[in-house]
Amino acid sequence: MAKNDTASVNRRTEIISAAIEVFAETGYYRTTTAQVAQRAGISQPYVFKFFATKEALMLAALEVSWERITEAFSQVVATTSPDQLEKELIETYEEILAAHRQETLLQMQAQTMQEEPIRAAMQSGLREVRRIVLEAFQNNGLSNPEDRALLFLARGMLCNISMALDIPELMNK
């Protein structure tokens, strides 16, 4: 990759990171691209060099957040024994929640949004996480894999609420 290409990728990543922070703090509807640009330390027109609209920026931010989860879960599935699989997936998700709180808050907001591209991104991300977990439970011979995958996802949502509202007693320890 050429130096300019690398710089562009890095700048794009910085803009997405800034957007995740601002969207999580302010909400999608109240966030402006000017706020994102300010957080990234660039001009607003430079944001539009990479993202044609605020919605495109939101979609990129959601993609990053879902990729983090799916890549982490895929790594756990590939490297963990069947008897530790569920425990390792839970611990991995807890680590993601702790390290990337703003991404979780972003996803939680996006769950309530009615814009079709954003709903589609959320549906796709959650379906992919479900697929990874369900296939892992099935392939590793866990009993009742469909029910366990559903319960795993439900507990994950409860963990999100626990983190967002600072109610640690909702977390299963």
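**Aromatic pairs and the nonpolar core**

Guide: This is a predicted model. A search of the whole structure finds 6 aromatic pairs.

Visitor: Why is the pair of Tyr46 and Phe50 called edge-to-face?

Guide: The ring centres of Tyr46 and Phe50 are 5.3 Å apart, and a pair requires centres within 6.5 Å. Their planes stand at 80 degrees, and planes over 60 degrees apart count as edge-to-face; the pair is therefore edge-to-face. Both residues lie in helix H3 (residues 44-50), 4 residues apart, about one turn of the helix.

Visitor: What makes Tyr46 partly exposed?

Guide: Tyr46 has a relative accessible area of 27%. Buried means under 20% and exposed over 50%, so a value in between is called partly exposed.

Visitor: Why is the pair of Phe137 and Phe152 called edge-to-face?

Guide: The centres of these two rings are 6.3 Å apart and their planes are at 85 degrees, so Phe137 and Phe152 form an edge-to-face pair. Phe137 belongs to helix H7 (residues 116-139) and Phe152 to helix H8 (residues 145-165), so the pair ties together parts that are 15 residues apart in sequence.

Visitor: What makes Lys54 count as lying over the face of Tyr28?

Guide: Lys54 lies at 4.5 Å from the ring centre of Tyr28, and the limit for this distance is 6 Å.

Visitor: Which residues have the most contacts inside the largest nonpolar core?

Guide: They are Leu57, Met58, Leu62, Phe73 and Phe137, in a core of 48 residues. Helix H4 (54-79) gives the most to this core, with 10 residues.

Notes. Residues numbered from 1 in each chain as written. Predicted model: local features only at pLDDT ≥ 70, side-chain atom pairs only at ≥ 80, totals over all residues. Heavy atoms only, no water. Phe/Tyr/Trp six-rings, centres within 6.5 Å; stacked < 30°, edge-to-face > 60°. Helix = DSSP H or I, 4+ residues; strand = E, 2+ residues; numbered from the N terminus. Buried < 20%, exposed > 50% of the residue type's maximum accessible area, 1.4 Å probe, protein only. Lys NZ or Arg CZ within 6 Å of the ring centre and 35° of its normal. Core = buried A, V, L, I, M, F, W, Y, C linked by side-chain atoms within 4.5 Å.
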